[in-house]
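Student: I'd like a close look at the aromatic rings in this one. Can you walk me through them?

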Amino acid sequence: MTPFVYTGLPTRVVFGTGTLAQLGAELDRLGCRRALVLAGRRHRAAAEAAADGRVAGVFEDAAMHTPVEVTERALSMLRDLGADCTVAIGGGSAVGLGKAIALRTDLPQIVAPTTYAGSEMTPILGQTENGRKTTQRSPKILPETVIYDVDLTLSLPPALSVTSGLNAMAHAVEALYAQARNPVTSLMAEEGIRALGRALPRIVAGPADAGARADALYGAWLCGICLGTVGMALHHKLCHVLGGSLGLPHAETHSVILPHVVAYNAPAAPEAAARIAAALGTPDAARGLHDLAAGLGAPSALKDLGMPESGIDEVAVLSMRESYWNPRAFDEQAIRALIGRAWAGLPPDRLEGSRPTSE
């Protein structure tokens, strides 16, 4: 047994169907009386009803990649209303905004995710300012309570369900070769990949399949725990550059990049690659992820997400700045080739030649 360190994160999780109805009780449990709800028009009515008179106001302008200027506007509203907590209902934009507010105020937050990204289970915040995306990690960022309500995901379109689920899967994939990996998170990661791998095809075939939706939400929860516990590597670095510097959509970018990064890292992380392949029921991890995404209709090319070909060199250069730990050393030339294949929509390639990172 390899020595390891494991720290469990103290988020309370309420999982089930119709669980948003417990929002009022969860606010009471935290001693909160005036919540600022972070939700779009589609979910604000449900949040206000479930909060049972504890809503001080609603902020509807959460944005992708958590721009700092949006956070400042939400903070101004929170102070004007005298709110004592936030309730985020929605996808990654709403969740990210709640975490950004919590970092600055240390107020309690409740999250009810409507997608499968899993970021609600992490003490990690990614935010953008002046065209650059940075990440921070702090106990203040971790939500106090997460309410998983399967009903909230039933209306999520299949295409968004797929990219959101693949985004979550990326968290688990990186957890299997992260520097701080441990037996607990590795078990969660493999199970999370397995749950999403079986759920997403069923959601595409039948979007109203509540069992498939529950499986996907369960998988996203596990994948989120993994990301929050063990940290990030090359995949997330590339996605942060692509999103923060080039403005590419978050979940779709993860869907395109993931198979290519797994191919890049597989020679240096064979055990992780084997566990990913086993969870997907495929002989090769990178090809298995590529084929799963393609079969579900997920985007496969960065150019289709709006990235210009000239961005390939820019991403390769930026990825080398403040690079994350990775089982295989960051190699600018190999990363340029990786991004080039992902830009063109080519299948993943092993990209032999870069040396493993020593731990």
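Which ring does the charged end of Lys303 sit over, and how far is the charged end from the ring's centre?

Tutor: A quick note before we start: this is a predicted model, where local features need pLDDT of at least 70, side-chain atom pairs count only at pLDDT 80 or more, and totals for chains, interfaces and linings use all residues. Residues are numbered from 1 along each chain as its sequence is written, and side-chain values use heavy atoms, with hydrogens and water left out.

Now your ring: the charged end of Lys303 sits over Trp343, 5.5 Å from the ring centre. "Over" here means that NZ of Lys or CZ of Arg is within 6 Å of the ring centre and within 35 degrees of the ring normal. Arg328 also lies over a ring face, that of Tyr264, at 4.8 Å from the centre.

Then there's ring against ring, with two aromatic pairs in the structure. Rings of Phe, Tyr and Trp (its six-membered ring) pair if their centres lie within 6.5 Å; planes under 30 degrees apart are stacked, over 60 edge-to-face, and the rest tilted. Phe15 and Tyr148 have ring centres 5.7 Å apart and planes at 45°, so this pair is tilted. The pair links distant parts of the chain, 133 residues apart: Phe15 is in strand S1 (residues 12–16) and Tyr148 in strand S8 (residues 145–149). Strands (E, at least two residues) and helices (H or I, at least four) are DSSP runs, numbered from the N terminus. Tyr148 is buried at 0% relative accessibility, while Phe15, at 37%, is partly exposed. Buried means under 20% relative accessible area, exposed over 50%, and partly exposed in between (1.4 Å probe, protein chains only).
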